[in-house]
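Let's read a structure together, one feature at a time. Have the sequence and the 3D view open beside you.

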Amino acid sequence: MQLGLEGKVAIVTGGSKGIGQATALGFLAEGASVVVCARGKEALEETVQLAGQHGEGRIVGIQADLTDGQAIKAVVQKCHDTFGRVDILVNNAGSARPGDFLTLPDDAWTDDWTLKFFGYVRMAREVLPIMKQQGTGVVINIIGTGALKPMGSYMIGGAANAALNHFTKALADEGAKHGVRVVGINPGPILTERLEKFLSTFSAGNSREEALKKMTPLGRVGESAEVADLILFMASPRAAFIHGANITIDGGANPGLMG
Ligand SMILES: NC(=O)c1ccc[n+]([C@@H]2O[C@H](COP(=O)([O-])OP(=O)(O)OC[C@H]3O[C@@H](n4cnc5c(N)ncnc54)[C@H](OP(=O)(O)O)[C@@H]3O)[C@@H](O)[C@H]2O)c1
């Protein structure tokens, strides 16, 4: 299938590792140009190197902490200055900590929401006027199945994800007026640095291998590249009629009718 992404310009937040990196490399392989941003310089440089030939003149890595509104503006500005447009925004940089409800302090809630919820809102608010002027654009929010399965041990992330599922649909309503398509993606367990970090919270005393097997009915966790393939399709003109949908990719781990 030809995705028709050639010549498009995408911003992938958190594009230096995991799902974001696989997505950025995928866009490059399809002929798009990409701006990736993250805090760590080393992983950004590695990503640019990994891009190899595909990346020549078509990838820019920017160090930015997306809890900072000014940094968000700078990323979008850099993309526009370098490539002259923004066709696709993949809101992906986000992480919320699990933990005990009674002991997690206010700062844990506000810090994690500042990145995972408000970072997505600010990014979208920054690119929307550009997309509106272009008369076209796509925003993809990478959210998480924590939205679908409320857990006492993952309230900060679960609640942020539920809010982002709502935000995706509300932004779709707004975006439609300006030719901007909006889609949410809810990944289940995907083997990344982030999953490894929080594995012990969800492993219920099992070994690493057993815990990973038990996470989905398919007996395995997902790969970043599998999520990236879905993101690329959703960002492409082939998905032109998919708008305001929140799509689950979780190996069947959340079998509810709304998932
Ligand atoms: N992996 C899963 O199982 C899973 C499941 C559900 C949802 N998700 C969601 O999918 C998205 C990607 O997850 P992942 O597993 O691929 O994560 P990951 O491997 O930990 O990568 C996270 C990326 O975000 C960047 N980042 C983190 N904090 C940032 C900040 N304050 N400002 C800018 N960039 C920042 C990281 O780079 P630096 O650290 O250098 O900044 C990195 O590039 C997240 O929104 C996550 O919540 C993942």
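Q: Which residues come nearest to the ligand?

A: Of the 28 residues around the ligand, the nearest are Gly14, Gly18, Arg39, Gly40 and Gly144. A residue counts as near a molecule if its C-beta atom, placed from the backbone, lies within 6 Å of it. By class, the shell has twelve nonpolar, eleven polar and five charged residues. Here Ala, Val, Leu, Ile, Met, Phe, Trp, Tyr, Cys and Pro count as nonpolar, Asp, Glu, Lys and Arg as charged, and the others, Gly among them, as polar. Helix H1 (18-29) and helix H7 (193-202) each supply at least two residues of that shell. Such labels follow DSSP runs numbered from the N terminus: helices (H or I) have at least four residues and strands (E) at least two.

Q: Before we go on, what should I keep in mind about the model and its numbering?

A: This is a predicted model, in which local features need pLDDT of at least 70 and side-chain atom pairs count only at pLDDT 80 or more, while totals for chains, interfaces and linings use all residues. Residues are numbered from 1 along each chain as its sequence is written.

Q: In what order do the strands of the sheet stand?

A: Strands of a sheet pair through backbone hydrogen bonds, either parallel or antiparallel. In this model seven strands form an open sheet, ordered E3-E2-E1-E4-E5-E6-E7, with parallel pairing; two strands pair if DSSP finds at least two bridges between them. Strand E3 (59-63) and strand E7 (245-249) stand at the edges with a single partner strand each, so one side of each is left without a neighbour in the sheet. From one strand to the next, the twist averages 15 degrees.

Q: Is strand E5 enclosed or open to the outside, and where do its side chains point?

A: In a regular strand the side chains alternate between the two faces of the sheet. In E5, Gly137, Val139 and Asn141 point one way and Val138, Ile140 and Ile142 the other. Six of the six residues of E5 (residues 137-142) are buried, so the strand is largely enclosed by the rest of the structure. Buried means 20 or more other C-beta atoms within 10 Å of the residue's own, exposed means 12 or fewer, and partly exposed is in between, with C-beta atoms placed from the backbone.

Q: Is Lys177 buried or exposed?

A: Lys177 is exposed, with 8 other C-beta atoms within 10 Å. Lys177 sits in the loop between H6 and E6.

Q: At what angle do H3 and H5 pack?

A: Two packed helices are described by the angle between their axes and the distance between the axes. Helix H3 (residues 69-83) and helix H5 (residues 118-134) pack at about 35 degrees, with axes 9 Å apart. Axes are lines fitted to C-alpha atoms, for helices over the stretch in contact, and angles run from 0 to 180 degrees between N-to-C directions. The contact involves Gly69, Ile72, Lys73, Val76 and His80 of H3 and Arg122, Met123, Glu126, Val127 and Ile130 of H5; residues are in contact if their C-beta atoms, placed from the backbone, lie within 7 Å. These contact residues divide into five nonpolar, two polar and three charged.

Terms used
Contact = placed C-beta atoms within 7 Å.
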